[in-house]
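Keep the viewer open as you read.

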Amino acid sequence: MRDLTEQEAIEQADSIWLDCLQASKSDSRRLGDLEASSLDQDDALAEIYQLLAGGEA
């Protein structure tokens, strides 16, 4: 087993912290976050489609 680099340790600590934040959210908050993320992705895809079709975003 090798030692972690400083960057790897920071990334792992950040990941653990984000997991703790997610675990502390209520189910309704998690669902709300998923809905918002889905809407953001829909908007981004619509913008990309419009740009590809030659329009302005």
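## Overall form

The radius of gyration of the protein is 18 Å, whereas a compact globule of 57 residues would have one near 10 Å. Please keep in mind that this is a predicted model. Along the principal axes, the C-alpha atoms fill a box of roughly 50 × 30 × 15 Å. Of the 57 residues, 0% count as buried. The protein exposes about 5,300 Å², and carbon and sulfur atoms supply 57% of that area.

## Helices

The protein has two helices and zero strands. Helix H2 covers residues 27–52, 26 residues in total, and spans 37 Å from its first C-alpha to its last, close to the 38 Å expected at 1.5 Å a residue. Just after H2, Gly54 adopts a positive phi of about 95°.

## Charged side chains

The protein carries 4 positive and 14 negative side chains, with the centres of the two sets 9 Å apart. Side chains of opposite charge can pair when their charged atoms come close. How many salt bridges does the structure hold? There are three, listed here:

| Salt bridge | Closest N to O |
|---|---|
| Arg2 and Glu8 | 2.7 Å |
| Lys25 and Asp33 | 2.6 Å |

Arg29 and Asp33 are four residues apart in helix H2, so about one helical turn separates them. Through shared partners, salt bridges join Lys25, Arg29 and Asp33 into one network.

Technical notes: Residues numbered from 1 in each chain as written. Predicted model: local features only at pLDDT ≥ 70, side-chain atom pairs only at ≥ 80, totals over all residues. Heavy atoms only, no water. Expected span 1.5 Å × (residues − 1). Rg over C-alpha atoms; globule rule 2.2 N^0.38 Å. Buried < 20%, exposed > 50% of the residue type's maximum accessible area, 1.4 Å probe, protein only. Areas by Shrake-Rupley, 256 points an atom, 1.4 Å probe, with all protein chains shown as cover. Lys, Arg positive; Asp, Glu negative; His and termini not counted. Charge placed at Lys NZ, Arg CZ, Asp CG, Glu CD. Salt bridge = Lys/Arg side-chain N within 4 Å of Asp/Glu carboxyl O.
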